[in-house]
Amino acid sequence: MTYIFPGRSQPAVAISGLDTLFPVNRIYCVGKNYAAHIREMGSEASRDAVCFFMKPSDAVVTDGRMPYPPGTGKLHYEGELVIAIGKGGANIAANDALLHVYGYAAGLDMTRRDLQLAAATVGHPWDTGKAFDCSAPISPIVPVAECGHFANGSIKLWVNGQLRQDADFGDLIWKNNEVISELSKLYTLQAGDLIFTGTPAGVGPVVAGDRIELRIDRLPKLEVMITAS
Ligand code: MN
């Protein structure tokens, strides 16, 4: 059988230092993973359950140019460490979880904050606020063999040269291995999955013409220009 029309091309992310690409399967995201960010959003930190949500895999942006999305007057940046899964599995023990990591990248969980908060207020899903076209700009992925893991390390984000986010992975509420383990209790993870691990305090709005720069120790810098829609 052939398809009635051509399917989309496989979303993919560059791998630092290699000519081959990382094919993206699913994009999972963690919300509420730094206490100071939870406070700035008006709520309290908790270890009761990880807050998971998703973005479509074709939301990745790899050319550093993100068009301002429709339907919002409040586009926010969220700088985040991204885990790239290299080996799938279900019910992965926290102690084994880092063996499933292929590498890491710097990513932006771009958010239509007005839509997210309006949805949360009436108990609707976050999807329109989080899971939209071009909402996942990402740097090339660095293999673990080169960058190691990220129990600690600095994450900093600038908008037009002004420092807006400045934190350390030591402050994560759910550590990377715990995130992988908890997620694998809910979904069968696959090689090609990306996990955005949550943003620290200092989120804020951007408009067309703004330049976002995200720097994570041991990873390539991610630079994104917001362009007119
Ligand atoms: Mn986020």
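Predicted model: local features only at pLDDT ≥ 70, side-chain atom pairs only at ≥ 80, totals over all residues.
The open sheet here has three strands in the order E10-E7-E16, with antiparallel pairing. Two strands pair if DSSP finds at least two bridges between them. E10 and E16, the latter being residues 204-205, are the edge strands, each pairing on one side only. Between E7 and E10 there are two bridges, in the antiparallel sense.

Residues are numbered from 1 along each chain as its sequence is written, and side-chain values use heavy atoms, with hydrogens and water left out.

Now the manganese ion. Its protein donors are Glu78 (OE), Glu80 (OE) and Asp109 (OD), at 2.0 to 2.1 Å. Donors are N, O and S atoms within 2.8 Å of the metal (3.2 Å for Na, K and Ca); water is not among the atoms, so sites may look incomplete. Along the chain the donor spacing is E-x1-E-x28-D. Glu78 sits in the loop between E7 (75-77) and E8 (79-85), and Asp109 in the loop between E9 (101-108) and E10 (111-112), so the pair ties together parts 31 residues apart in sequence. Glu78 is buried at 4% relative accessible area, and Asp109 is buried at 0%. Buried means under 20%, exposed over 50%, partly exposed in between (1.4 Å probe, protein chains only).

Conventions: Helix = DSSP H or I, 4+ residues; strand = E, 2+ residues; numbered from the N terminus.
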